[in-house]
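Colleague: Please take a close look at one part of this model, the place where the two chains meet, and then describe the elements around it.

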Amino acid sequence: MNTFTLVLVGLGRNKLRTILTFLSVTVALFLFCALGGILDSLAESIRVGSESRLAVRNAISLIFPMPLSYRDRLAAVPGVEGVTFSNWFGAQDPNDPKNFFAQFAVDAETYFPMYRNDLEIAAASTPQVDVPLPQGMNPKLSAFMAERNACIVGEPLMERMGWKLGQTITLSGTIFPGDWPFVIRAVYRSRIKSFSGNSMYFHWEYLNQKGMGGRGAVGVYFLQLADPAEAAAIASRVDAMFENSEVATHTEPERAFQAGFVSMFGNLPFVIRVIGLAVVFAILLVAANTMIMSFRERTTEIGVLKSLGFEDGTIFRIVLAEAAVITLGGGIVGSLLAKFLIEGTGFGIPNLLPSMSVYWSTVFLGVAMALLIGAVSGIVPAWQASRLQIVDALRRVD
Amino acid sequence: MLANEGIVMASVEVSDVTKIYKRDAEVLKVLDGLNLTIAEGDFVALMGPSGSGKTTLLNLIGGIDRPTLGQVKVGGTDISKLGGRALAKWRSRHIGFIFQLYNLIPVLTALQNVELPLLLVRMSGAERRKRAETALNLVGLGDRLKHYPRQLSGGQEQRVAIARAIVSDPAVIVADEPTGDLDRKAGEEILSLIERLNREFKKTIVMVTHDPHAAEHANRMVHLDKGVLS
């Protein structure tokens, strides 16, 4: 037996209360880490692509386009290895308008070679005709490349919508009005967690002809750089180049560009943090109440320990350690559960975060919060116990 | 282990001790300029009616309370001048407590309860266990080491408490109504055990009791009334 045994047997005194407190801390820290996982997943979502890509958009706002003619000028910038572009389409399924998913019109010849490391083709239609494929293009995309209104859909989105390869789907345009029939010619799977599997890609030229009357407006250009270290210099060069053109540009690393999307969630991260902390605070009160009750029930015993010669500091540490063991144990279990359960089951929030992550830093933060709960909830009873007068604890004035 | 070989046994000197308790506006003088000397190896019974101050005097001798005025010396140490930590350390080395309600830790076995005071001394776990077993054997509970207090009778619980009081080989044992919660037979066994500690192991015993029969086991009786010796 040692002093730590006293801590453990103290916890075993009222097993039901100890278990309930342990579980409440576990659940609270699970929630804290799960909410933290939303923030982690938002952070993950801005890690799309590498630092070696730049995004070029209209300097005024993302919703205003740029001319197609910029493509060749961008390709000529020293240090730029490749250029591709895309437009936000923003249509909806007329049968299920609330079931949002993202659609992008992309310059397929350059887009898929540039993003070949981010996605893989899980399934594709057999091509009816042979078409020459550009360098770096996945041969599985032959059928997609051969058809004007073909599209590629992410695997999770296919499952969610119940679509089949080869099926024709019709979307209703919102930015570009009208009915838009698409034939699903390939299904992609994300190679990296941050690349959403809930999107649809189709030929930019289809949009240009049917939706923009051939005027060639581009939403975003993506530049593949030879040397990521040159990113800042090239971004400045690009913006300077178009400074006095009809449309000025704003160039930034692709990661920062994605972060801009996240900022559209407004104060959501703040709200999530506040909810997480509120949960922790609520459980702090529960834990503190439990510890104080536990201390009060043992006043006489603490008096006896002191009479035997246990010093105030030792008593303080024993009571504090009890709180720490309960909350730290619950915190570790809850935090690890959040990580392995959420990541292991591929849990996600449809339309927002299809596949969630809980970073180790969040798990460690959860454990640290648990330790803090232990310290704060235990410090009052520990202080009271250490200050307790033996004669008061033994309660006899004869 | 328990025979105090080579150790000078304690004497208790209580000089001009006054103890005043304050409860809100009420001031209660429990001891009033009390003087008492207890010789080394003596067995003294403190008697008196409720509220006479006998338990308070016992607490002062045991170093779990401090006098408002006066001096308490035990084994030559003026314990009324010791600081909190020093007093705790002193208690762990020199005093053994026996309480009326035994005050065992219910979630610890008999052996663990007896080991408790030894946690404050540098020694191996094996040595601690051996000493605790010896103490429990001495009080006749060698076959109850793994029993929890709820599995023992009142008399057995008090014997565990006595084993706990003697395991660190203190010079002075203070007992507060040690038979107050026991039937006559169990009480007699406990008193015999305490008497044996005094006779065989030369422990100085200070015992508070209401019971004249229990007090007869002591070498000397001291009567208190309203905070003074009568």
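**The contact between the chains**

Modeller: In this predicted model, 21 residues of chain A are in contact with 27 residues of chain B, two residues being in contact if their C-beta atoms, placed from the backbone, lie within 7 Å. On the side of chain A that touches chain B, helix 1 (3-12), helix 11 (299-308) and helix 14 (390-394) of chain A each supply at least two residues. Helix 11 of chain A gives the largest share, six residues. By type, this side of chain A comprises eight nonpolar, six polar and seven charged residues; Ala, Val, Leu, Ile, Met, Phe, Trp, Tyr, Cys and Pro count as nonpolar, Asp, Glu, Lys and Arg as charged, and the others, Gly among them, as polar. Helices (H or I, at least four residues) and strands (E, at least two) are DSSP runs, numbered from the N terminus.

In chain B, four strands form an open antiparallel sheet in the order 2-1-4-5, where pairing requires at least two DSSP bridges between two strands. Strand 2 (26-38) and strand 5 (77-78) of chain B are the edge strands, each pairing on one side only. Strand 1 (residues 12-23) and strand 4 (residues 69-74) of chain B are joined by five bridges in the antiparallel sense. B:Glu13 has B:Lys73, in strand 4 of chain B, as its bridge partner.

Residues are numbered from 1 along each chain as its sequence is written, with chains lettered from A and ligands numbered from 1 in the order in which they are written. As the model is predicted, local features need pLDDT of at least 70 and side-chain atom pairs count only at pLDDT 80 or more, whereas totals for chains, interfaces and linings use all residues.
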